[in-house]
Amino acid sequence: MDFSELKSAIGAGLLSFPVTAFDAEQRLDLEGYRAHVSWLAQYRAAALFAVGGTGEFFSLTQREVVETVKAAKDVAGKTPIIAGCGYGTAMAVELARDCQAAGADGLLLLPQYLIGAEQAGLFDRVKKVCQAVDIGVIVYNRDNSILSAETLARLCEECPNLVGFKDGHGNVELVTRVCTLMGDRLSYIGGMPTAEVYAKAYKAAGVATYSSAIFNFLPTQALAFYDALCADDDVAMRKMLREFFYPYLAIRDRGKGYAVSIVKAGMKVVGRDAGPVRSPLTDLTAGEVAMLADVVASAFGKDVVNYQR
């Protein structure tokens, strides 16, 4: 996909990131992953992020990342696949090239490993990744990799294939500044954990779309919330926030790393088990999975749940 086409695609609808399937021994389950991506591709996602944060990018080897991207492309049909990319600059450049060769339509550049860095270093890393490939690149402002609006403006001048800005940092002042200064040069994506909770505020700042974790196991309901956002239907959004998202957050916040683990638990609740999370993450307890099943059933009906306690 041409990077200008990717820019248009990611700004045109809801985004999501399929969980990566593992077997009981935490080995990569490509057959299960293909089945999951194939199922999600039936729904109205503008693009899917293969091996993003919720796809446990940080727990996969470079070979596994590339294999997973290939598997997603095998079954995604017309849905664009954006590959996770990260680590230090040299590794990110190598992985970016490998993901492009595997068929990725674009890249999501996740934060570098462990350390913080000055703006000059962040600029160099993003520029080298962009220059290494012909496909579109989305930068992810999060954790220890926070680009300033001024650094992003310089990158936009020097990297034509930098097409997107995803924010998981939560600084609305910075997001507003980026959207105001960059205008339509970029597409903007909300990337906070459980992004629906922040969606209205981000829309006011200029970010019209986001990546939805619950799309993994409740795609119809995720799209309903997105449609309500687009229509400024506050009544519908507040109802879903009260009845589902806030109770969901109460379970998510019970453990470290549960922003990922609860999505895998959601897959179990609806009868589409994608296996455990990979160490060092830990799964929800059986009691917590049962709590999640009750939340889903209460919000959306018992027929949505297919879980044996």
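I started with Glu-158, which is partly exposed at 37% relative accessibility. My cut-offs: buried is under 20% relative accessible area, exposed is over 50%, and partly exposed lies in between (1.4 Å probe, protein chains only).

Some notes on the ground rules. This is a predicted model, where local features need pLDDT of at least 70 and side-chain atom pairs count only at pLDDT 80 or more, while totals for chains, interfaces and linings use all residues. Residues are numbered from 1 along each chain as its sequence is written, and side-chain values use heavy atoms, with hydrogens and water left out.

**Salt bridges**

Which residue does the side chain of Glu-158 meet in a salt bridge? I found Lys-127, at 2.6 Å, N to O. (A salt bridge here is a side-chain nitrogen of Lys or Arg within 4 Å of a carboxyl oxygen of Asp or Glu.) The pair links distant parts of the chain, with Glu-158 in helix H6 (residues 149-158) and Lys-127 in helix H5, 31 residues apart. Helices (H or I, at least four residues) and strands (E, at least two) are DSSP runs, numbered from the N terminus. Lys-127 is partly exposed too, with a relative accessible area of 22%.

I then searched the whole structure and got 17 salt bridges. I looked up two others.

- Asp-294 and Arg-309 meet through their side chains at 2.4 Å, N to O. Asp-294 lies in helix H12 (residues 286-300) and Arg-309 in the segment after H12, so this bridge ties together parts that are 15 residues apart in sequence. Asp-294 is partly exposed at 42%, and Arg-309 is exposed at 66%.
- Glu-243 and Lys-239 form a salt bridge at 3.0 Å, N to O. Both sit in helix H10 (residues 234-252), 4 residues apart, about one turn of the helix. Glu-243 is partly exposed at 33%, and so is Lys-239 at 42%.

**Helix H7**

Which residues of H7 (residues 172-182) are buried? I noted Leu-174, Val-175, Val-178, Cys-179 and Met-182. They cover an arc of only 130 degrees around the axis, so they are on the same side of H7. (The arc is that of the directions from the helix axis to the C-beta atoms.) The face turned away from that buried side carries the exposed residues Glu-173 and Thr-180.

What do the buried residues pack against? My list reads strand S5 (136-141), H6, strand S6 (162-167), strand S7 (187-190) and helix H8 (199-205). Contact means heavy atoms within 4.5 Å.

Asn-171 caps the N-terminal end, with a side-chain oxygen 3.1 Å from the backbone nitrogen of Glu-173. After H7 comes Gly-183, whose phi is positive, near 55 degrees.

**Thr-209**

Is Thr-209 buried or exposed? I found it buried, with a relative accessible area of 3%. Thr-209 lies in strand S8 (residues 209-212), and its side chain reaches the backbone oxygen of Gly-13 at 2.6 Å. Leaving out residues up to four places away in sequence, Thr-209 touches several others, among them Ile-10, Leu-14, Tyr-188 and Tyr-226.

**Tyr-113**

Last stop: Tyr-113 is in the loop between strand S4 (106-109) and helix H5 (119-132). Tyr-113 is exposed, with a relative accessible area of 59%.

Terms used
A polar contact is a pair of N or O atoms within 3.5 Å; within protein, one must be able to donate a hydrogen and the other to accept it, and residues adjacent in sequence count only if both atoms are side-chain atoms.
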